[in-house]
Amino acid sequence: MAKQSVNFAGVRQISRCEIHQSIKAVNAQRPGPCTQQERAKFIVVKDRNGDDDVAVCIQRNGKYQWHVIKDLEPLIHESCKEILTSSRNNGDGVYQISVGNNTVIDVYCQMTNVSGCKGGGWTLAMKINGSLSTFKYSSSYWTSKNAYNDDAYGRNGGLDNREYKGSTYWRTSFKEICVVMKYGGRLRAFSFSYPASSLYNLIADGNHRQTQVGRAQWKSLISGSSLQLHCNREGFNLRSDSTLSKYRVTVKVRLGIIANQQNHCDSPDSYVGLGAEGGWNYPVDPNWCQPPDKSLNSAGNLGQCSPDNGNKNTKAMAYILVR
Ligand SMILES: [Ca+2]
């Protein structure tokens, strides 16, 4: 028999000669047991429509069984980026990926460009409504492995206005992060390199981790954004340097940039970012300089105390995706 190469969904290259000539007249959903001697053999099985599928004999959980290869695909892809270049890629939407131990979870994959985040293959981790307080700085969602709306309601709509924290927050490792803000009906985004084993490992311990994105890039997320001129501290877990009580009102941000009108980071009052809130005594503390209103955004832009483009309290939808 002439050798003809067939690619079965990236599992490996096999030749047609390796496929048993038998066709099992069984439901491809449950092809049944095989033997140790049949391990790594391939057979053709019929699905419910009478179409052919290919099954392979493998041992899992102590049992040798035929497994239809396309049903194994979720177990061989561990990220949206791996699906992006496979035959499973069907555009933006929900896919199953493996997170180890034969566990498969549903994730939303952004397979097309989002503004400045190019190339697709992004796994959605969080969706934050800046007018709500679910994901403000002091929310335990940043420091715990508790999900929020990690179901069809929260996940399936992609970059919509529903809030979401997937188990991808602590389960998904990555090399790049994409930050997206939606304001005025427009998505603005950029990505940067920051390899980590998970977002949880970057954020939950509360330690500041610096990024090198730059003030202009952070400001570009919100049209007409406004920041004070100094401090310009960016990255994860942003807070004041000072523990003095008079600085209790200063801003805190989980991911973004904070700024100050004084030439230090003791009393930052403005930001572009997400996971944001004012200080402990906000809004009753008289040390707070006049914000545009008393309901601070948890994601977006706060400009006050001599910012560069006027007072702002812009409440945006914010998204974190990883790849
Ligand atoms: Ca200040």
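Let's start with the core. The largest nonpolar core has 61 residues, and Cys-178, Val-179, Val-180, Tyr-271, Ala-318 and Leu-321 touch the most other members. Strand β11, residues 174–183, supplies the largest share, seven residues. By core I mean buried Ala, Val, Leu, Ile, Met, Phe, Trp, Tyr and Cys residues joined through C-beta atoms within 7 Å. Buried means 20 or more other C-beta atoms within 10 Å of the residue's own, with C-beta atoms placed from the backbone. Apart from this core lies another, of eight residues, including Cys-34 and Trp-66.

A word on the source. This is a predicted model: local features need pLDDT of at least 70, side-chain atom pairs count only at pLDDT 80 or more, and totals for chains, interfaces and linings use all residues. Numbering runs from 1 along each chain as its sequence is written.

What does Tyr-271 touch? Among its contacts beyond four places in sequence are Val-251, Val-253, Ile-257 and Leu-302. Contact means C-beta atoms, placed from the backbone, within 7 Å.

Now the sheet. Six strands make an open, antiparallel sheet, ordered β13-β14-β15-β16-β17-β18. The edges are β13 (209–210) and β18 (312–315), each pairing on one side only. Strands are DSSP runs of E, at least two residues, numbered from the N terminus. Pairing takes at least two DSSP bridges. Five bridges join β15 (253–260) to β16 (270–274). Leu-255 has Leu-274 in β16 as its bridge partner.

Last, confidence. pLDDT is the predictor's confidence per residue, from 0 to 100. The chain mean is 88, and 87% of residues reach 70 or more. Residues 1–21 stay under 50. Where pLDDT is low, predicted coordinates should not be read in detail.

Key
Helix = DSSP H or I, 4+ residues; strand = E, 2+ residues; numbered from the N terminus. Buried ≥ 20, exposed ≤ 12 C-beta atoms within 10 Å, placed from the backbone. Contact = placed C-beta atoms within 7 Å.
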